[in-house]
Amino acid sequence: MGKRILIVDDAAFMRMMIKDILTKNDFEVVGEAENGAKAIEKYVELKPDLIIMDITMPEVDGIQAVKEIKKVNNDAKIVMCSAMGQQAMVIEAIQAGAKDFIVKPFQADRVIEAVKKVLG
C-alpha cells in the first residue's frame with residue numbers, strides 16, 4: 001500500500017468519490033471525518049501522511065482545521081477541496097498552511113496529481 005491519507009468532507013458521497021480515486025491509485029485511506037473538529041482528532045490519532053480537506057463544513061471549517069492541525073504538526077501536508085468560486089477561501093487556506101487545492105467536481109487525474117505533488 002502507498003501513502004496513508006485522511007479524507008475530510010461533510011458530504012459522504014464526496015468522501016466516497018475521493019476514496020475511490022485514491023484506492024484505485026494505490027493510496028491507503030486510513031480515515032474519514034465529516035467536519036474540521038473530527039479532522040483534528042483523527043489527525044492526532046492516525047497521523048496520516050496527507051489530509052484532503054473540504055473548506056466549507058459545519059462546526060469547524062477547513063481553514064480553521066488547517067490552522068489547528070498545523071499547531072499540532074507544522075509539517076502536516078494538506079490538500080484543500082473547494083467548489084468553484086471560492087478563490088478567496090482557497091487563498092486563505094494556502095496562507096494557513098495548505099499545500100495545494102483541488103476543485104469540485106473532482107477529476108481523478110487532478111486529485112492524484114495534487115496528492116503526488118504534495119507528498120513529493
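The text below takes up the sheet, the helix packing, the salt bridges and the backbone in turn.

The model is a predicted one, in which local features need pLDDT of at least 70 and side-chain atom pairs count only at pLDDT 80 or more, whereas totals for chains, interfaces and linings use all residues. Residues are numbered from 1 along each chain as its sequence is written, and side-chain values use heavy atoms, with hydrogens and water left out.

**The sheet**

Helices (H or I, at least four residues) and strands (E, at least two) are DSSP runs numbered from the N terminus, and two strands count as paired if DSSP finds at least two bridges between them. Five strands form an open sheet in the order β2-β1-β3-β4-β5, with parallel pairing. Because β2 (28-33) and β5 (100-103) each have a single partner strand, they stand at the edges, and one side of each is left without a neighbour in the sheet. From one strand to the next the twist averages 20 degrees, where axes are lines fitted to C-alpha atoms (for helices over the stretch in contact) and angles run from 0 to 180 degrees between N-to-C directions. Within the sheet, β3 (residues 50-54) pairs with β4 (residues 78-82) in the parallel sense over four bridges, and Met53 stands opposite Met80 in β4. Helix α5 (residues 108-119) packs on the sheet and touches β1 (4-8), β3, β4 and β5, its direction making about 175 degrees with that of β5; contact here means heavy atoms within 4.5 Å.

**Helix packing**

Two packed helices are described by the angle between their axes and the distance between the axes. The table sets out two such pairs.

| Helix pair | Axis distance | Angle |
|---|---|---|
| α2 (residues 36-46) and α3 (residues 62-72) | within 9 Å | roughly 20 degrees |
| α3 and α4 (residues 87-96) | 9 Å | about 5 degrees |

In the contact between α2 and α3, Gly36, Ala39, Ile40, Tyr43 and Val44 of α2 meet Ala65, Glu68, Ile69 and Val72 of α3. In the contact between α3 and α4, Ile63, Val66, Lys67 and Lys70 of α3 meet Met89, Glu92, Ala93 and Ala96 of α4; by class, these residues divide into five nonpolar, no polar and three charged. For these classes, Ala, Val, Leu, Ile, Met, Phe, Trp, Tyr, Cys and Pro count as nonpolar, Asp, Glu, Lys and Arg as charged, and the others, Gly among them, as polar.

**Salt bridges and backbone**

A search of the whole structure finds 10 salt bridges, each defined as a side-chain nitrogen of Lys or Arg within 4 Å of a carboxyl oxygen of Asp or Glu. In one of them Glu32 pairs with Arg15, the closest N and O atoms being 2.9 Å apart. Since Glu32 lies in strand β2 and Arg15 in helix α1 (residues 12-24), the pair ties together parts that are 17 residues apart in sequence.

Most residues other than glycine have a negative phi, and most peptide bonds are trans. Asp26, in the loop between α1 and β2, has a positive phi near 65 degrees. Lys104 and Pro105 are joined by a cis peptide bond with omega of about -5 degrees, and Pro105 lies in the loop between β5 and α5.
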